[in-house]
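Here are some notes for you, colleague to colleague, to read with the coordinates open. They are arranged as numbered points.

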Amino acid sequence: MKLEDEIVRRQRARARILALLLGGFVVLVFFITIAKTGMNR
Amino acid sequence: MPAIELTNPAALPADWRDILALTKPRVMSLVVFSGLCGLLVAPAMPPLVLGFTAILCIALGAGACGALNQWYEADIDAKMRRTAKRPLPAGRMDRQSALHFGVGLAFFSVLLMGLATNWLAAALLAVSILFYVLVYTVWLKPRTAQNIVIGGAAGAFPPLIGWVAATGHVSALPLLLFAIIFLWTPPHFWALSLFVRSDYAAAGIPMLPVVAGVPSTRRQIFLYSLPMAAAAIAPWILGLTGLVYGASAAVLSGVFLILAARVLVSRASEPAEMAAEKKLFAYSVFYLFALFAILVADRWLAA
């Protein structure tokens, strides 16, 4: 395996995980907002 | 497939598994569990998503502590068998990335906790992170044999944070949970340090067996187990929990004291012979899990 291939493999793996985490964070913030709005009624 | 030949593996972008290892996932599990118990025994239950977020923030805060601890102690970790294969001492990651990751995670966890639950819980989370990193890791650990005694406070915060995230205020029961973990930490870590003391000595960390000797450490383990057992039973004596917890805490603490007494009378000098010390260390982990799980069950039975 070339060094460039290994760098790309690691960057891709990290980018995928970061995308999943960011997506999860957006969903979490959405539900936090709903819950906080409900509590303040 | 030929292996990659690199003079400096840390020049590569870190593998995600190494980034995860920076957070010390196994340590995080006990922190998350105690934080969850603090949340579950609170009289007010927040909406599920806010409770989940509070626990997530405690986990992320613990992960930040692990990353910053490994960043600061990379040189020490390289000298100990138990820690030499971690990402930084093994050279699989550069220190600056670990520092950025740890600081970023710490800020994120505190901010999210404040926005999702309340700012008192966020402040306690911030204090616990700063206490662990600055007071324990940087100040006490390399300087004094009492590092574990005072530094144990950092690990005692999670149930208090969980309770405050749910209720918005501090009261007697979460303070007792704080006291239980605070007093549990010295016997737990000193039992470990007895059979890995050569590692600590090689790294120049002044753990009690290295500085004061093995017999003194055995005495201290037993002496600290006594107030720990008293703190464990105190919630029942003060009427904050029911008989299920009180009886269980008495039995669990009694077994702890018996195992601590065995360590006290043990004459083993080589790690391979230290069966009593290893047994106490393993039991101490089970003890805390069981005590907190029974506390939650007791409160739910009473509800």
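1. Leaving out residues up to four places away in sequence, B:A54 touches B:L39, B:M113, B:A116, B:T117, B:A121, B:G162 and B:A165. Please keep in mind throughout that this is a predicted model.

2. Which residues have the most contacts inside the largest nonpolar core? They are B:A54, B:M113 and B:L125, and the core itself has 98 residues. Domain 1 (8-168) and domain 2 (171-303) of chain B both contribute residues to this core, so it lies between them. As general background, nonpolar side chains in soluble globular proteins tend to be buried together.

3. Now to the two domains themselves. The domain assignment of chain B gives domain 1 as 8-168 and domain 2 as 171-303, and their centres, taken over C-alpha atoms, are 22 Å apart. Across the boundary, 27 residues of domain 1 of chain B are in contact with 26 residues of domain 2 of chain B.

4. On the domain 1 side of that boundary, the elements giving two or more residues are α2 (25-40) and α7 (147-167) of chain B. Of these, α7(B) gives the most, with ten residues. By class, the side of domain 1 of chain B that touches domain 2 of chain B has 17 nonpolar, five polar and five charged residues.

5. Helix α3 of chain B, residues 48-72, deserves a look of its own.

6. Where does α8(B) bend? The bend, about 30°, is at B:T185, and a proline, B:P186, follows within four residues. Because 20 of the 24 residues of α8(B) are buried, this helix too is largely enclosed by the rest of the structure.

7. Of the 41 residues of chain A, 0% count as buried.

8. How many residues of chain B are in contact with chain A? Eleven are, and they meet 14 residues of chain A. Helix α3 of chain B supplies the largest share of the chain B side, three residues. By class, the side of chain B that touches chain A has nine nonpolar, one polar and one charged residues.

9. Is B:A21 buried or exposed? It has 21 other C-beta atoms within 10 Å, and the cut-off for buried is 20 or more, so B:A21 is buried. Setting aside neighbours within four places in sequence, B:A21 is in contact with B:R86 and B:P87. By contrast, B:P43 is 22 residues from B:A21 along the chain, and their C-alpha atoms are separated by 35 Å.

Note on methods:
Residues are numbered from 1 along each chain as its sequence is written. Chains are lettered from A and ligands numbered from 1 in the order in which they are written. This is a predicted model: local features need pLDDT of at least 70, side-chain atom pairs count only at pLDDT 80 or more; totals for chains, interfaces and linings use all residues. Domain bounds come from an automatic or database domain assignment. Two residues are in contact if their C-beta atoms, placed from the backbone, lie within 7 Å. Ala, Val, Leu, Ile, Met, Phe, Trp, Tyr, Cys and Pro count as nonpolar, Asp, Glu, Lys and Arg as charged, and the others, Gly among them, as polar. A nonpolar core is a set of buried Ala, Val, Leu, Ile, Met, Phe, Trp, Tyr and Cys residues joined through C-beta atoms within 7 Å. A residue is buried if 20 or more other C-beta atoms lie within 10 Å of its own, exposed if 12 or fewer, and partly exposed in between; C-beta atoms are placed from the backbone. The bend at a residue is the angle between axes fitted to the seven residues ending there and the seven starting there.
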